[in-house]
Amino acid sequence: MQNFVYTLLYFFFYGLMSASAQNQPLKTYNKNDGLPSLHINDGVQDRTGYLWLASDKGLIQYNGNSFVNYTTKNGLISNNINVVKTKNNALLIGTDKGFSIKSHNVFNNFEGNSVNCILTVNNHTFLGTDKGIVRVREDYLSPLRTNFQIDLNKVNDIQYDGKFYWVATNKSLWRLDKLINPKTLDRIDVNNYTSIFIDDKTIVASTYNNGLKFITGKEIETQTITSQNIKGIKKINNQFWVISEDNGIEVLDANFNFKRTINKYNTLTTNKISTAFQDSGKNTWIATQDKGVYFFKNDNPTQKKPTISFENIEVVFKSIDSININDYEKTLQLPADKNHISFYYKTVDIGNSNNLEYRYTLNDQVSPWSKKSSIDLAYLSPGNYSFSAQSRIGKIESTPIEFNFFIDTPIYQKKWFIWSVIGLVILLLGSIIWLYIRRIQAKNKEKLTKLQLENHLLSLEQKALQLQMNPHFIFNVLNGIKALGNSGKSVELNTTISRFATLLRGVLHNSRQEEICLAEEITTLKNYIELEQQMNPKSFEYSIITNLTIDPEEILIPPMLIQPFVENSIKHGISSVENGKVDIHFFVKNDFLHCEITDNGIGIHQSKKLKTTSTHQSVALKVTQERIKSLSKKSTFQIDEIIENEQIKGTKVAFKIPLKTDF
C-alpha cells in the first residue's frame with residue numbers, strides 16, 4: 001500500500017513538472033522556417049547579436065528573421081561542423097576535417113583531425129580533436145605532446161580554471177598545469193568523460209554513462225542521474241541542464257538536486273539533444289540532432305539598450321576591406337572620383353527583430369526613423385563628412401556609431417597658376433633631392449658591397465667554426481670511452497657514448513641552421529658540460545638558470561653562441577681550482593635576451609698568463625664576440641673579473657642580443 005502511494009505521488013509531481021514545462025513560451029525552428037538542416041550540433045551568439053549554428057550542412061547565421069547558410073562553396077573547410085565559438089570579431093569553427101576561422105566574411109582554413117571542442121586562453125587557441133590536443137598557430141595546427149593517453153585519444157572538452165587545465169577524453173579526466181610542455185600531469189579518474197563545467201572552485205564533469213563527477217581538490221564525488229548517454233552539462237537560469245543525446249534533458253537545481261525533465265514526453269518532440277545555450281536576452285535555445293532548434297523565450301525580459309554596428313561600407317560599390325570599419329577612429333581619405341558611398345548597419349535582437357527602426361545623420365542632416373538599415377550617398381561634394389547611424393526598439397535608442405571620411409577637391413576646380421608654381425617648385429626640389437640621393441646611394445652601395453663581403457667572410461668563417469670541435473676534447477672523450485670499456489663499466493660506457501653521439505649530432509645539425517631555439521642550445525650545452533664533467537680530472541659543478549617570460553622553444557638565437565665561453569671557463573678558469581663551478585643565466589629584459597656566464601676560477605688575466613696557446617679556442621672566442629657585436633648596434637659584450645675584498649673570485653662574461661621569437 002505504501003509503495004502504491006509513493007507511485008501516485010511520483011506521477012502527480014511528474015505531471016506538474018511536465019505541465020509547467022509545456023506552459024513555457026516555445027517555438028520550433030525547422031526547414032519550414034528556412035533552417036537549412038535539422039541536425040544542429042552547437043550554437044553561439046556573437047558581439048553584434050547574430051546567432052550562429054553548427055550543423056551537418058554548414059554554418060548557419062540567424063538574425064531574428066531569416067537564416068543564411070555558409071558552406072564549402074563560401075570557402076568553409078567542411079560542411080559537417082561540430083563546434084563554433086567566438087573570439088573578438090572572429091568566429092572559430094571546428095569541423096570533421098579540421099578548423100576554420102571566419103573573419104570579415106573570409107574563411108581561413110586549417111586541415112586536420114575532427115575538432116570536438118575549442119578553448120581560447122591568453123591569446124592562445126587550443127583544439128580538442130579525435131587524436132589529442134592541437135594549438136592553432138599562424139599558418140598551421142601544431143599538435144601538443146602531453147602523454148600518449150591524451151595524444152592518441154578523443155578529447156571531448158578542455159576547460160581552464162585560472163590555474164589548471166582540465167582535459168576530458170573518452171578514456172580519462174586529466175589535470176595539467178600547462179598545455180604546452182606541462183610539468184604537472186595528473187590523471188584524476190578513468191571513465192568516458194564528455195564535458196567539464198567549472199562551478200566556483202568545484203569541477204563538475206559529465207561522463208557518458210556514469211553520472212556526474214564533482215572534483216574538489218583531490219576528492220571525487222559521484223552523483224548518479226537517471227539520464228544515460230550524456231553529452232554535456234550547461235548552467236542556465238541558475239540550473240544545471242544535463243544534456244543526453246537520446247534521453248532529453250535532465251534539469252538539476254543549484255544544489256544539483258533533481259528538478260524536472262525536458263523531453264519528448266512533456267515539452268519537445270525528440271529526445272536527441274545536442275546542446276543548450278542562452279543568448280544575450282536570456283532566451284534559451286535547445287539544439288537537436290533531428291528536429292532543428294527549440295526556442296524558449298525569456299518569461300521576464302528586460303529590454304536592454306540596443307547595439308548597432310556597421311556591417312559593410314562600400315566606396316563606388318566596392319567594400320572597404322583594408323580597415324576595421326567598426327573601430328576606425330581616423331578620417332578616411334578618398335579621392336575626388338570616389339564620391340559614391342554606401343553604408344550598411346545592423347542591430348540584431350532575436351526577440352525584437354520586428355520592432356527595430358533606424359535613422360542616420362550626415363553632418364547636420366538627420367533622417368526620419370525607418371525599417372531601412374542601409375543608405376546610398378551618391379555624388380557627394382568635396383569636403384569633410386561625419387556619418388552616424390542609430391537604432392531603437394520602442395523608445396530605447398542605441399548609442400550612435402560614427403564614421404568620418406573626406407572627399408578631395410578635383411584638380412580642375414583649383415587655380416592653375418597655384419598648381420603650376422607648386423609643381424615647378426616640387427620638380428626643382430625633387431631634382432635636387434634626387435641628385436643628392438643618387439650620390440648618397442652610390443656611396444652607400446659601395447659601403448654596402450664591402451660590408452656584405454666582410455659579412456660573407458665572417459659567415460663562412462663561423463660556419464667552418466661551427467663544424468669544428470676542440471680536438472683535445474674529442475681525444476679526451478674517446479680515451480674516456482676506451483677506459484670505461486677496458487674497466488667493464490658498460491652502463492657508464494653506454495651513457496657516455498650516447499651523450500657524446502647526441503652532442504655530435506646536435507653540433508652537426510645546428511651548424512646547418514641560421515637560428516635555433518634557446519631550448520636546443522641549452523640541451524647542447526648540458527651534453528657538452530656533462531661530458532666535460534666526466535672527462536675532467538677535477539670535479540666541478542654547473543647550473544643553467546632561465547628566468548624567461550617566453551617559452552625557451554619560442555626564442556631564437558644563432559647556434560653555438562654560448563659554448564666557446566663555457567669551454568673557456570672550464571679549460572682555463574676553473575681548471576686550477578678545487579670545487580669549480582660554472583653558472584649560466586638567461587633572462588629577458590627590455591626586448592633583449594641577456595646571457596651571463598660566471599665561474600669561480602682564477603680570473604681571466606691570470607688564465608691568459610698560464611694557458612697554452614690554442615688556435616681553436618682563441619679563434620672561437622674572437623669570432624663569437626664579433627658575432628654578438630654584429631647582431632645589433634645596441635648589443636653589449638663584457639668580460640670582467642669578479643673581485644671581492646680585493647681578491648679575484650672568478651670571471652663573468654655578459655652580453656645581450658635582441659629578443660627574437662618564432663611567432
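Q: Which residue forms a salt bridge with R175?
A: In this predicted model, a salt bridge is a side-chain nitrogen of Lys or Arg within 4 Å of a carboxyl oxygen of Asp or Glu. R175 lies in strand 16 (residues 172–176) and its partner in strand 17 (residues 185–190), so the pair ties together parts that are eleven residues apart in sequence. The closest N and O atoms are 3.2 Å apart, and the partner of R175 is D186.

Q: Is R175 buried or exposed?
A: Buried means under 20% relative accessible area, exposed over 50%, and partly exposed in between, using a 1.4 Å probe and protein chains only. R175 has a relative accessible area of 12%, so the word for R175 is buried.

Q: How many helices and strands does the protein have?
A: Residues are numbered from 1 along each chain as its sequence is written, and side-chain values use heavy atoms, leaving out hydrogens and water. As this is a predicted model, local features need pLDDT of at least 70 and side-chain atom pairs count only at pLDDT 80 or more, while totals for chains, interfaces and linings use all residues. Helices (H or I, at least four residues) and strands (E, at least two) are DSSP runs, numbered from the N terminus. The count is nine helices and 45 strands.

Q: How far apart are the N and O of the salt bridge between K652 and E596?
A: K652 sits in strand 45 and E596 in strand 43, 56 residues apart, so the pair links distant parts of the chain. K652 is partly exposed at 31%, and E596 is partly exposed at 21%. From N to O, the two side chains meet at 3.7 Å.

Q: Which residue stands opposite L92 in strand 8?
A: Two strands pair if DSSP finds at least two bridges between them. Strand 7 (residues 90–95) and strand 8 (residues 98–103) pair in the antiparallel sense over five bridges, and a hairpin of two residues joins them. Opposite L92 stands I101.

Q: Which bridge partner does G98 have in strand 9?
A: G98 is found in strand 8, which runs antiparallel to strand 9 (residues 106–111), with six bridges joining them. G98 is buried, with a relative accessible area of 0%. Leaving aside neighbours within four places in sequence, G98 is in contact (heavy atoms within 4.5 Å) with residues including I77, F110 and V115. The bridge partner of G98 in strand 9 is E111.

Q: What is the strand order of the open sheet of four strands?
A: Strand 29 (residues 309–315) and strand 32 (residues 341–346) are antiparallel, with six bridges between them, and N312 has Y344 as its bridge partner. The edge strands, each pairing on one side only, are strand 30 (318–319) and strand 35 (374–377). With antiparallel pairing, the order is 30-29-32-35.

Q: What area does the nonpolar surface patch containing V425 cover?
A: Patches are made of residues with over 30% relative accessible area and no salt bridge, with like charges joined within 9 Å and nonpolar side chains (Val, Leu, Ile, Met, Phe, Trp, Tyr) within 5 Å. V425 lies in helix 3 (residues 416–466) and counts as partly exposed at 43%. Accessible areas come from the Shrake-Rupley method with a 1.4 Å probe, and for residues only the protein chains shown count as cover. The patch, with V421, L428 and I440 among its other members, covers about 820 Å².
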